[in-house]
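Please look over the sequence and the model before reading the points below.

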Amino acid sequence: MESEDDMIDDSLSIDDDFYSGDFSDYYDDSDDNDNGYYSDGLIEDDDQDAVFSRRNQQGYIVLREEDIKQRQEDDISKVSTVLSLSRVYAAILLRHYNWNVSKVHDEWFADEEGVRQSVGLLERPVVQVSNAGELTCGICFESFPRDNITSATCGHPFCQTCWRGYICTTINDGPGCLSMRCPDPSCHVAVGQDMIDKLATCEEKEKYSHYLLRSYIEDNRKTKWCPAPGCEYAIEFAVGCGNFDVSCICSRSFCWNCIEEVHRPVDCDTVAKWILKNGAESENMNW
């Protein structure tokens, strides 16, 4: 996994200071982020477009699920088109580089072979399977007709039953399934969504898609989920908006940097110390 510094677009040079933790310039007493317009509760559907427009002007955007899906699809299409790769490979690359399109392009054109090796994208199989009518599964070691044998791009043959068991277990283990590799212990070839769509159950496909969608927000340093319980909106924050105070359309206001309640003009470090101190005093009182 790349370091966090590598995940910043080269074109946004001021991001380095912003995301490094120097927030002194982002706390001011200006009232340009007045959140009173939503204080009566949830925003009506008819007013949401105006709210999104206003928040965009303030330096952050609230992303709905359909917005996240569209952005994710657009990024996959960009990489697929520029690098002349399948959408499955494009998605694997973006996941590896934390959905940073510029980073994918830079790394690929600088060292395509190195990227292929590290990510697990092969141009051709490494295992040559015989033309026999039956093949032996590499997991259960039973013989099956060729139609019942499936391989990733590496060519290692496994029966569909073993593949389904492997995929089911990996998906149920959690988001780590997004980095799924060939079942052969010596092989590091990536297993993409095409294999999931081919062999997984509907429930497993839904879980995989859910993890993939959430990774688009959680792996990106410029986006975060709204911390309100049950809220499914995300916030994309832009550099230089003046302060970290953001408001989700669910009516939750919070500091984008530390996810605590809004606390201007106090900086995040001071708030963290205050919370730690109060927590310690509370523990002492309980003891």
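Helix α3 (residues 65-83) packs against helix α4 (residues 87-96) with the axes 8 Å apart and at an angle of about 110 degrees. The model is a predicted one.

**Helix α3 with helix α4**
- Angles from 65 to 115 degrees count as roughly perpendicular, and α3 and α4 are therefore roughly perpendicular to each other.
- The crossing in which α3 passes α4 is right-handed.
- On the α3 side, the residues that meet α4 are E73, D75, I76, S77, V79, S80 and L83.
- Their counterparts in α4 are R87, A90, A91, L93 and L94.

**Helix α3 with helix α5**
- Helix α5 (residues 101-110) also packs with α3: the two axes come within 10 Å and cross at roughly 20 degrees.
- Angles under 35 degrees count as roughly parallel, and α3 and α5 are therefore roughly parallel to each other.
- The α3 and α5 crossing is right-handed.
- From α3, the contact involves D75, K78, V79, V82 and L83; from α5, it involves V101, V104, H105, W108 and F109.
- D75, V79 and L83 of α3 are named in the contact with α4 and also in the contact with α5.

**Aromatic rings**
- The model has 5 aromatic pairs.
- One of these pairs joins F237 and W256, whose rings are stacked, with 5.0 Å from centre to centre and 20 degrees between the planes.
- F237 belongs to strand β7 (residues 234-237), while W256 is in the loop between β9 (253-255) and α10 (268-286), so the pair ties together parts that are 19 residues apart in sequence.
- Residues under 20% relative accessible area count as buried; F237 has 2% and is therefore buried, and W256 is buried, with a value of 2%.
- Elsewhere, F158, W163 and Y166 are linked into a cluster by ring pairs.

**Histidine 156**
- H156 is found in the loop between β4 (149-150) and β5 (158-159).
- H156 has a relative accessible area of 12% and is therefore buried.
- Apart from neighbours within four places in sequence, H156 is in contact with V126, V127, T150, S151, C182, D184 and C187.

Notes
Residues are numbered from 1 along each chain as its sequence is written. This is a predicted model: local features need pLDDT of at least 70, side-chain atom pairs count only at pLDDT 80 or more; totals for chains, interfaces and linings use all residues. Side-chain values use heavy atoms; hydrogens and water are left out. Rings of Phe, Tyr and Trp (its six-membered ring) pair if their centres lie within 6.5 Å; planes under 30 degrees apart count as stacked, over 60 as edge-to-face and the rest as tilted. Helices (H or I, at least four residues) and strands (E, at least two) are DSSP runs, numbered from the N terminus. Buried means under 20% relative accessible area, exposed over 50%, partly exposed in between (1.4 Å probe, protein chains only). Axes are lines fitted to C-alpha atoms, for helices over the stretch in contact, and angles run from 0 to 180 degrees between N-to-C directions. Angles under 35 degrees count as roughly parallel, over 145 as roughly antiparallel, 65 to 115 as roughly perpendicular and the rest as oblique. A crossing is left-handed if the near helix is turned anticlockwise from the far one by less than a right angle, and right-handed if clockwise. Contact means heavy atoms within 4.5 Å.
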